[in-house]
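Have the structure open and click along.

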Amino acid sequence: MRFYHRAGSNQEDSDQFDVAHGLEHLAFKATKHFPNGIGQSESINKLGINVYDMLAFSGQTTEYYFDAPPKSKEALGTAFLFFKDIANGLNLNNEAINSVKGELKQEFLMREGDNLNKHNANSKLEASYFPCQQDESNYLESIGTQTPEGFRRFYRDWYRPDLLALSIVGNIEDMDRLEKQIKSTFSDLESPENSKKIMNCDSLFASRAPQFSIIKRTPVESKIFPDTKVSLDIIFRDPITMKNLNNINGIKRLILLKMLRGITSERLSEISTTYSSFSAGIRDTYELDNLPSTMKIRATLERSIGEKQAIQKIIRVILELQKYGISGAEWDILKQKHIQYLQNKDENNADYWIKEIKNFYIKGEALPDDKNAVLKEWLSRLSLSEFNDFGSEFFSKKPEDIGIIAPSGHQALSLTEKEVRSWVKEAYQKDVKPYEKPIIPEALMSSKDVKKFEEPEITKDSFSKTGVREIILNNGVKLVFKQINEAVGLDKDNIRIHGYALKGTNCFPEEQFFSAANAPSIISYSGLNEMKRFEIDRFLEKNNMLSGVVSTYIDMDEVGIQGSTNLYNLEIILQLIYLHFTSANIDKEAFEDWKLMKYKTHKHQSNREFQNAIRKSTGDFSFVGDLLGKKSLKEGDEFFKGIEKTNLDQAHEIFKKLFGNAKDFTFVISGDFQIETVLPLASKYLGNLTNSSSPLFCSSSFSSSSKKEKLFLYEAPKYQEIVAPRNEKLNYMKYHIIFIQTAPILLDWKEQLRVEALGWITTEKAWRLRFEMGLELYDVRVSGAFNKKLNRYEISSTFECVPEEFNIIREELSKVISEMKSGQITEGIFQKGMFAMHLFYDLNKRGGKHLPQHQNLYAHYRYGQPLTDPVEVEEFVNSLTVEDIVKTANKYFKDDNLYEFVMRDKDFK
């Protein structure tokens, strides 16, 4: 179920900044039928509905979610009461409103706090183009202009029946009964007299004069390179589509524009394949931002290219398309891609209808009978000439809106509209030649080189009871195969490969640390086998593969390489892996560009700095963490300062040494495949990796028994204040608690799940700080996890709070923990926490996906983790009881295990 409200930030008065968003929050605070909030009500707990079934999103419109269990009349009734309360039963007293204002601040800071200057400049520029777009460039100050009366007035003016809609999608057995229930619940809602008219933002945008804006932003500080980054927007409006959305022609035009955006984006990416200068891409403002339909081009440029040159490069691409269109070969690929996109829309899936109904009501999109079939039939008949005619017509006009963001002191801030538009006019007057497609490598490796490979021998071949097959090749490489059947999710048909070796930065002197840690990203920037990364990316795109499909990492005591693909492209992945080991480029121009990229993307990110400091204080000296199954560098000020300490030749040599001994590596390979099908290719490439004649000698890797960790666990301070990043003003305090306890040598996967469940259920208890006490918190989450690298259990949580509430939060968290230990866990709290666990371990959800099973296989060989069966895991999670959680709480929530960390602004006392 969805409850749509068509009025949002676009209808706010001057004293109502972000009030529409605030009312969305208030809907979950206290209402007529749910005085403690819908999420905390006993009726919700009894129905098995949790916080993840009830969500809301607010912007220019607001959308409330309520997903009910099947065949539950009580759930339907509860949802209808909740939606009706949203319409006319919110608690709008001063106390509730003021607590929500605090929540809005925390949500904003959590979402944008680490990129505040960038967000402020972008928000101001967006608001200059689109009349109804909210300017958040002074969010923290503007939030203070809200008044309780402003909330109440917005609610009276805009929360009315003619702007509300209820959408229900599912296996509805008795439509008549459902319709009667809806009417009996909502029919007494009354519209106010003399209702305000809702603004038509699309018409306002289409009719306003072309806009030109220059926005000044605060530069990123760097002692090495000055911040010269300029963002440049060029916008072509599309009023014809917006006027025709209510008929099939408008919907067809949306598809045409989507196709035109795609081909334009490809052409722009081709002129972006240069070092240290320029990149350009396209944003779909209609689909992604709920704004009017446009062709919005955003370019970023550095000191090596000027604004005039950048604009004219973009216009040249536009004119090539406008004058010559696209080729037949390009058309065949583009057309088939979009036909496939329409074919992938499953009309038997609830998500299809939810989106269609939303677009029909909120955006006014036509929803005729057999819409998808009509569009597929039309697109199949669409000709190249018709598409090229559309592109020629669309680009026949000059861009209406132009915007520039530049750092203070930059010469671009002095540009005038007349000057910039004269550059555009000049570009349109120049002759352009037909488009020439860049050369794409035919292959990553020549067939001649591949033929030189020796036939590898298998020196060991064994099977385990768990279905794992282990093979050792004559060069020492160990291959671990696991066939994973009946996986769910997007990557269920993929083959995942993860090779690792137990060596890393610990093999090199301290002064070479940054060269070692940064080597993977330098190599990624430089390319392989004498091909630049741009050429490799084009080859991958030609084969429907993403850039960066194979990635490497170097940690304190581990080096590795990862990739995934389908069986059809397996040889490409294996070639990329082979080339990383044997043919990494050394490219000075790419290295200088890498340094510039690192400097210009660095920010004094307080969240990252806080977590890095906590990890060091708690004895976690690794610097690479997991990210969606890959490994990512935990960057921050320390790594920023280390850029200048990174040496290209040194980094390249370290990379060669770490990837120079094949016998050190174990490759974990999983997927839904027959091992005999994959083995020949894997053996061919991995079996021809070489071994160095001078092996590395590395210091022993850190472990739970290391001296440093013991010093921390028994002698480190229990409470520690961490210095906030310089030149970054914190608008809140950061408070982190963590309970740490060493795990037994004999690992227990069931205990790991108990600790994880403890975290989820403690989270549900801790939500009362926001919903019952009204504290200015947005996110409340307690994580229970097993740290495999350090062989210890960690239960932790981070709170971002106003200084005035710090002591209250500390005290209340202590109460929550005491209640967990004493067994004060209601059935509702337990069920909510366990539902979150089920999202991760239900076989039909994440628990049945390929990635977690692959990660378990890696952890088994890397850390000695038990190899688990997803079915057995799901059954165990379902068997957990309140008594299990209480016992686990008493085991880990001990004063001796507790450490606290605080980061505050220097102005906070």
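What follows is a tour of a predicted model, going from strands to rings to a couple of loop residues.

## The four-stranded sheet

Let's begin with an open sheet of 4 strands, ordered S2-S3-S1-S4 and paired antiparallel. At its edges you'll find strand S2 (56–58) and strand S4 (164–167); each has a single partner strand, so one side of each is left without a neighbour in the sheet. From one strand to the next, the twist averages 10°.

Now look at how S3 is held. Strand S1 (residues 2–5) pairs with strand S3 (residues 62–65) in the antiparallel sense, over 4 bridges. Within that pairing, His5 stands opposite Thr62 in S3, and Phe3 stands opposite Tyr64 in S3. S2 also runs antiparallel to S3, and 3 bridges join them. There, Ala56 stands opposite Tyr64 in S3. The link from S2 to S3 is a hairpin through 3 residues.

What lies across S1, S3 and S4? That's helix H15 (residues 350–363), which runs at about 20° to S1.

## A covered strand: S18

Next stop is strand S18 (residues 666–671). How many of the residues of S18 are buried? The count is 6 of 6, so with under 20% relative accessible area as the cut-off for buried, S18 is mostly covered. Both faces are involved: Thr666, Val668 and Ser670 are buried on one side, and Phe667, Ile669 and Gly671 are buried on the other.

S18 pairs with strands in both senses. Strand S12 (residues 478–483) pairs with S18 in the parallel sense over 6 bridges, and the bridge partner of Leu479 in S18 is Phe667. Strand S13 (residues 495–501) runs antiparallel to S18, with 5 bridges joining the two. In S18, Ser670 is the residue that Arg496 stands opposite.

Phe513 lies in helix H20 (residues 513–526) and Phe623 in the loop between helix H24 (606–617) and strand S16 (624–627), so the pair ties together parts that are 110 residues apart in sequence. Are these two buried or exposed? Phe513 counts as buried at 18% relative accessibility, and Phe623 is buried too, with a relative accessible area of 5%.

Phe581 and Phe667 make another pair, with ring centres 6.2 Å apart and planes at 45°, so this one is tilted. It links distant parts of the chain: Phe581 belongs to helix H22 (residues 570–582) and Phe667 to strand S18, 86 residues apart. Phe581 is buried, with a relative accessible area of 10%, and Phe667 is buried at 0%.

Elsewhere, Phe3, Phe28, Phe34, Phe66, Phe80, Phe82, Phe83 and Phe186 form one aromatic cluster.

## Charges over rings

Two spots are worth a click here. The charged end of Arg267 sits over the ring of Tyr435, 3.5 Å from its centre. Likewise, the charged end of Lys718 sits over the ring of Tyr899, 4.5 Å from its centre.

## Two buried loop residues

Where is Thr646 found? Look in the loop between helix H25 (637–641) and helix H26 (648–658). Thr646 is buried, with a relative accessible area of 6%. Its side chain makes a polar contact with the side chain of Asn518, at 3.0 Å. Setting aside neighbours within four places in sequence, Thr646 is in contact with Phe514, Ser515, Asn518, Ile522, Phe591 and Trp594.

Asp114 also sits in a loop, between helix H4 (94–112) and helix H5 (116–129). Asp114 counts as buried at 18% relative accessibility. How far apart in space are Asp114 and Arg608? C-alpha to C-alpha, Asp114 and Arg608 are 9.0 Å apart, while in sequence they are separated by 494 residues.

Conventions
Residues numbered from 1 in each chain as written. Predicted model: local features only at pLDDT ≥ 70, side-chain atom pairs only at ≥ 80, totals over all residues. Heavy atoms only, no water. Buried < 20%, exposed > 50% of the residue type's maximum accessible area, 1.4 Å probe, protein only. Polar contact = N/O pair within 3.5 Å; in protein donor to acceptor, adjacent residues only side chain to side chain. Contact = heavy atoms within 4.5 Å. Pairing = 2+ DSSP bridges. Axes fitted to C-alpha atoms, helices over the stretch in contact; angles between N-to-C directions. Phe/Tyr/Trp six-rings, centres within 6.5 Å; stacked < 30°, edge-to-face > 60°. Lys NZ or Arg CZ within 6 Å of the ring centre and 35° of its normal.
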